[in-house]
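Colleague: I should like to learn how to read a model of this kind, feature by feature. Could we take the general idea in each case and then turn to the example?

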Amino acid sequence: MRGSSYNIRQSATPSFFTKGPSAFARLILFSVLSLALIATDTRLQYLNIIRHQLEAYLHPLTLMVNAPMELYRQADDYLTSHNRLLSENEALKKHLLKANAGEQAMTSLKVENRNFRNLFNLKAKLEHQSFLAEILHATSDQLTRKIVVNRGASHGVHVGGAAVDAKGIVGQVTRVYAQTSVVTLITDSSLQIPIMVERNGLRAIAFGNGRDNVLEIPYLPSNVDINIGDRLATSGLDGVYPAGITVGVVQKISVARGSSFVSILCAPVGGVDYHKQVLIVNPADNTISAEEKEVSVSNKEQSHLGAPKKEPNHLSAAGKLKPADFSGDVGVVNAPQ
Amino acid sequence: MHRNKLSHIYLSLFAVYLLLLLPWTESALRYKPDFTLLVLIFWLIRAPRLCNIGTAWFIGLLVDLATGGIFGQHAWAYTVTAFFTMVYQKRLILFNRFHQFIYVFILLIIAQIVLLILKTFSGVPFPGMVYFMPSVIGVLLWSISLLFKLHTDGRPGDI
């Protein structure tokens with residue numbers, strides 16, 4: 001409204017005369033355009049091809065901007081002291097020796113495992129294809145946890161692949177461009193991982209919650225057998241992440257008053273802040289990533305079903321719910337908060 | 001009569017755009033002000049005939065391309081911010097330094113709120129007041145740049 005009143009006044013003085021539609025009209029026009037784009041991008045996915053094409057044009061620019069930093073890093077590598085290299089070399093040799101020994105044991109175990117599987121007519125375990133990728137940068141968005149790596153569709157990376165570092169899972173490939181791909185970190189609130197407690201094989205799903213270095217495991221009953229310090233590994237049930245990769249360590253367990261669910265917080269072990277390379281592991285089968293959600297849901301149900309054996313003791317102690325009530329308690333949980 | 005050249009506007013916007021493509025660490029990202037929007041607001045106030053809401057929208061699209069989020073979120077945030085800049089543009093150049101400081105701060109906050117609303121729809125929890133840190137730092141940079149004779153009102157020699 002104000003914009004139009006200005007225009008009327010301005011038209012009296014030719015030097016300030018503004019051409020074109022009023023500010024308000026422009027606002028409406030461009031808002032509609034943006035909202036249409038947002039809707040198309042989030043719901044319809046028509047834009048992906050155009051977007052990938054444009055990203056490809058942007059890539060050389062990104063490389064150019066990153067060049068000075070890259071140069072500095074290379075110079076830094078070149079100028080590392082003799083002593084440090086020697087000690088590092090020593091440590092790596094020891095590490096290699098250990099790894100080699102481990103690998104030999106592993107090979108024989110693999111052969112044994114395959115034989116057993118053949119013996120019992122089990123399906124062969126999924127083999128995963130993997131690439132070493134370098135982290136280019138974090139995406140400049142405060143609310144999402146994403147990084148960009150320098151391997152893309154032209155190298156054979158697929159959406160849905162897992163990003164792994166030496167210690168554990170870092171994230172999942174969520175967008176693939178020609179030369180680069182975007183990895184969403186496990187701490188991002190849009191990512192869930194089916195996990196398994198290494199100690200007792202309890203299965204659950206870990207959710208990122210958008211904060212630094214925290215994963216949540218919701219929806220587990222408060223009597224669940226989980227302790228602080230338990231290591232969590234991928235269960236491999238979704239077919240996206242290979243089984244048995246460490247995800248995190250349980251850090252905090254708390255039960256809210258009046259809630260029958262326990263809130264479990266874990267610290268992820270893989271960290272992108274510490275190094276420059278990650279291993280991208282492609283999903284064993286491309287079609288699986290689309291089904292991931294369904295699998296996760298069924299997973300969640302399983303994790304519920306896994307626990308009820310001990311419930312009666314606990315619940316009689318708490319004196320709040322009868323075991324029979326437990327399956328339908330979702331409404332009860334939210335009420336006191 | 002206008003000494004503000006279109007090429008100056010696009011060159012400066014291109015320069016800050018490159019800043020966006022730099023490899024920022026995660027902790028730096030939390031405090032990094034929206035340089036692109038700052039430069040955009042500067043030109044919107046100083047040369048409204050060369051740099052208008054359409055420019056803001058287009059730059060927003062480019063930012064979306066670089067950040068890899070939802071396509072159109074920055075475009076919309078910049079459009080809304082540009083609108084509020086244009087509405088008070090004539091008054092803004094007459095504001096004293098303090099009033100302008102406050103108003104630019106409000107503009108930066110508006111852009112962040114629009115982005116936050118869009119994010120909330122996709123299920124991101126509110127990260128707390130720290131979320132608005134980039135705006136605080138942004139407006140401080142704005143006032144520092146004014147000390148270096150970057151004036152938004154055309155001084156007699158400028159227009």
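**Reading the model, feature by feature**

Modeller: Let us begin with the contacts in chain A. Among those with a separation of 6 or more, 59% link residues 24 or more positions apart. Chain A contains seven helices and twelve strands, and 29% of its 337 residues count as buried.

Colleague: What average pLDDT does chain A have, and where does pLDDT stay under 50?

Modeller: Please bear in mind that this is a predicted model. Where pLDDT is low, the predicted coordinates should not be read in detail. Chain A averages a pLDDT of 73, and 72% of its residues score at least 70. Over residues 1–16 of chain A, pLDDT stays under 50, and the model has 15 contacts beyond four places in sequence for that stretch. Residues 286–337 of chain A also stay under 50, with 53 such contacts in the model.

Colleague: How do strands S9, S10 and S11 of chain A pair?

Modeller: In a regular strand the side chains alternate between the two faces of the sheet. Here, S9(A), residues 231–234, runs antiparallel to S10(A), residues 246–255, and three bridges join them.

Colleague: How many residues lie between S10(A) and S11(A) in their hairpin?

Modeller: Five residues separate the two strands of that hairpin, and in the turn Gly258(A) has a positive phi of about 80 degrees.

Colleague: Which residues touch the most other members of the largest nonpolar core?

Modeller: That core has 46 residues, and the ones in question are Val149(A), Ile169(A), Ile195(A) and Ala206(A). A second, separate core of 45 residues includes Ala77(B), Leu115(B), Leu118(B) and Val139(B).

Colleague: How many residues of chain B are in contact with chain A, and which element gives the largest share?

Modeller: The size of an interface is often given as the accessible area lost when the parts come together. Counted by contacts instead, 39 residues of chain B meet 42 residues of chain A. On the side of chain B that touches chain A, helices H1, H2, H4, H5 and H7 of chain B each give two or more residues. H5(B) gives the largest share, seven residues. By type, that side of chain B divides into 23 nonpolar, ten polar and six charged residues.

Note on methods
Residues numbered from 1 in each chain as written. Chains lettered and ligands numbered in written order. pLDDT = per-residue confidence, 0-100. Contact = placed C-beta atoms within 7 Å. Helix = DSSP H or I, 4+ residues; strand = E, 2+ residues; numbered from the N terminus. Buried ≥ 20, exposed ≤ 12 C-beta atoms within 10 Å, placed from the backbone. Pairing = 2+ DSSP bridges. Nonpolar A, V, L, I, M, F, W, Y, C, P; charged D, E, K, R; others polar. Core = buried A, V, L, I, M, F, W, Y, C linked by C-beta atoms within 7 Å.
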